[in-house]
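Thanks, everyone, for making the time this morning. I would like to walk you through one model, beginning with a single residue and then widening the view to the whole chain.

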Amino acid sequence: KLHALALTTGLAASPSSFLCNTLLHVYASCGELTCARKLFDGIPDSHKDNVDWTVLMGSLARHRVPFEALRLFVEMGNAGARPDDVTLVCLFNACARLINADVGMQGHGWLVKMGFESSTKACNALMDVYVKSGLMSEARQVFFGMEEWTVVSWTVFLDGVIRWEGVLSGRGVFDQMPERNEVASTVMLVGYVESGYTQEAFSLLHEAIFGWCMRLNSVTLCSLLSASAQSGDVMMGKWVHVYALKTMGKHMDVMVGTTLLDMYAKCGRINTASKVFEYLPVRNAVTWNAIISGLAMHGLAKVAVGMFPQMLREAKPDDLTFTSLLNACSHSGLLDEGRRFFHDLQFVYGIRPKVEHYACMVDLLGRAGEIEEAEMVIKTMPVPPNEVVLGSLLGSCHVHGKLQLAERILNQLVQLDPQNTEYHVLLSNMYALEGKLEKANSLRHILRRGATRKVPGISFIHTDGKFHQFSAGDKSHPRTREIYVMLDEMIRRLRLAGYSPNTSLQLLTGSDHVFNEEEKEQALFSHSEKLAVCFGLISTRARIPLYIMKNLRICQDCHAAIKIVSDIYEREIVIRDRSRFHHF
């Protein structure tokens with residue numbers, strides 16, 4: 001309204017009034033980037049100072065267009081405007097968001113050349129660029145070259161040490177800090193939780209709350225819950241839940257409530273997540289997306305789809321809503337519903353489909369055997385398909401035996417990501433099943449020679465406040481002997497129940513030795529998922545549910561075996577793999 005008044009009265013017509021400059025600052029502060037840029041472009045260069053350039057740069061960096069902030073910095077130099085230390089802070093913030101160390105290093109040069117090394121804020125922002133880029137030697141050089149350290153300086157450095165050098169090294173830095181605030185304590189706590197140091201996290205929480213009288217705010221609670229969701233540490237998540245109830249009561253912050261239900265869903269407790277959702281006093285689009293996504297991950301597609309009409313009464317769906325809905329339809333084979341959501345996405349709700357939507361649709365059609373329609377969807381994409389889209393179609397070719405199409409797709413995937421082995425493994429298995437052993441061995445020979453990388457499968461289980469990690473054939477655990485005794489007994493009981501190991505899909509690499517059936521079976525028996533299950537069986541009381549996480553997809557043989565294990569030992573077993581939850 002004030003802008004309109006300035007225009008209609010003619011006051012804005014005079015550049016010397018600097019009204020447009022002030023309005024630029026208003027729009028930039030409010031995140032109205034289009035209006036801010038239009039005003040900025042209308043101000044003559046002679047009436048722009050470095051504050052105007054810096055304000056717009058900062059707004060662009062903050063509001064998800066950091067690349068435009070870098071372009072504006074170049075324009076600023078071409079216009080002859082001289083940046084100050086605040087300008088460099090905005091530049092480094094944009095570099096940190098883009099994880100662009102190259103431009104950050106150029107900015108480092110400007111900082112030294114223009115004599116801003118004494119600016120603590122500029123050095124903190126530069127250090128953040130190096131930390132986010134994993135360049136800890138450069139970050140350390142900036143940190144120890146600073147004239148004075150603030151709590152922000154220490155916190156940025158602490159974050160880098162924890163992220164790249166480990167949580168134990170981070171604790172050493174944390175203990176040296178002369179002053180600690182909530183942010184630094186949150187960084188340390190999140191580091192502990194993400195690394196599986198639950199007992200140490202609780203000890204630090206006790207010290208912070210009762211020793212330093214620190215009150216955990218919503219940002220700290222959300223950070224802890226996100227870390228718990230990532231690590232699967234439901235014990236810490238439950239503690240945060242109780243703390244939030246005690247401090248917020250029934251009026252729980254919507255951000256905390258949303259992160260809380262997301263944590264329970266990602267830790268395998270979808271029923272608890274649903275209860276949290278039900279009792280939240282306020283729900284927004286992010287909350288609805290979280291519960292729909294959680295239900296989809298757990299294979300409860302019909303419940304997820306059924307919640308969509310309820311969502312429309314409370315919140316406006318966005319692109320993430322439809323990604324979750326299409327994902328739900330894909331995992332449960334709801335073909336008609338998926339087609340309808342994909343159509344309505346653009347033509348009813350006016351949302352332009354993203355690559356993620358196309359990937360979900362290709363996966364849905366491929367799983368349903370509609371391979372030709374999936375190919376047509378890929379051809380209609382406005383951008384070239386990425387490896388997720390093509391990988392989904394390759395997986396469908398494997399399921400439905402479309403060998404020729406799979407060969408074509410593999411060639412495209414190799415161009416996109418030549419180092420990824422998963423696609424070679426899939427095609428090699430397809431050749432083996434079709435009896436084309438020569439081609440299968442050729443692909444396996446490439447893997448053995450190390451021309452491509454093989455991501456190792458790792459499974460985790462959380463018991464007694466600690467994380468236990470297993471890889472295939474792992475014998476590094478302190479209770480290895482007991483685990484393998486349990487494994488032998490489990491395999492014996494599985495065989496009696498009718499289990500037959502599926503060795504046709506077992507790929508063994510690393511030498512030119514030809515493995516026989518017995519060796520392949522032994523390799524299958526010691527997959528990381530089975531070792532984690534065995535450890536869970538010997539470490540927990542009878543009939544206690546087991547919750548296991550894996551970094552890759554669970555293999556078909558482990559899926560079949562664990563289904564029988566669940567029945568034999570009368571255990572609920574929940575496995576979270578890379579794409580979804582499997583409830584046995």
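Predicted model: local features only at pLDDT ≥ 70, side-chain atom pairs only at ≥ 80, totals over all residues.

Let me begin with cysteine 213, which counts as exposed at 66% relative accessibility; by the convention I use throughout, exposed means over 50% relative accessible area, buried means under 20%, and partly exposed lies in between, with a 1.4 Å probe and protein chains only. Cysteine 213 sits in the loop that runs between helix H13 (198-211) and helix H14 (218-231), where helices (H or I, at least four residues) and strands (E, at least two) are DSSP runs numbered from the N terminus. Its phi is near 55°, a positive value in a residue other than glycine.

Residues are numbered from 1 along each chain as its sequence is written, and side-chain values use heavy atoms, with hydrogens and water left out.

Glutamate 570 also has a phi near 55°, again a positive value in a residue other than glycine, and it lies in the loop between helix H31 (556-568) and strand E4 (573-576). Glutamate 570 is partly exposed, with a relative accessible area of 46%.

Serine 185, in helix H12 (residues 182-194), is buried with a relative accessible area of 1%. What is serine 185 in contact with, leaving aside its neighbours within four places in sequence? Taking contact as heavy atoms within 4.5 Å, the partners of serine 185 are Phe174, Leu204, Trp212 and Met214. Threonine 480, placed in helix H28 (residues 480-496), is buried as well, with a relative accessible area of 14%. The C-alpha atoms of threonine 480 and phenylalanine 535 are separated by 8.8 Å, although these residues are 55 apart along the chain.

Turning to the interior, a nonpolar core here is a set of buried Ala, Val, Leu, Ile, Met, Phe, Trp, Tyr and Cys residues joined through side-chain atoms within 4.5 Å. The largest such core has 148 residues, and Met127 and Leu158 touch the most other members. Not counting residues up to four places away in sequence, methionine 127 touches Ala139, Val142, Phe143, Met146, Ser153, Val156 and Phe157. A second, separate core of 28 residues includes Ile483, Phe525, Ile548 and Phe584.

In the model, residues 49-83 are 74% helix and 0% strand, with end C-alpha atoms 10 Å apart, and residues 284-314 are 87% helix and 0% strand, with end C-alpha atoms 7 Å apart.

Finally, the whole chain: it contains 31 helices and five strands, and its C-alpha atoms fill a box of roughly 90 × 60 × 50 Å along the principal axes. Of the 584 residues in the protein chain, 49% are buried. Among contacts with a separation of 6 or more, 64% join residues 24 or more positions apart.
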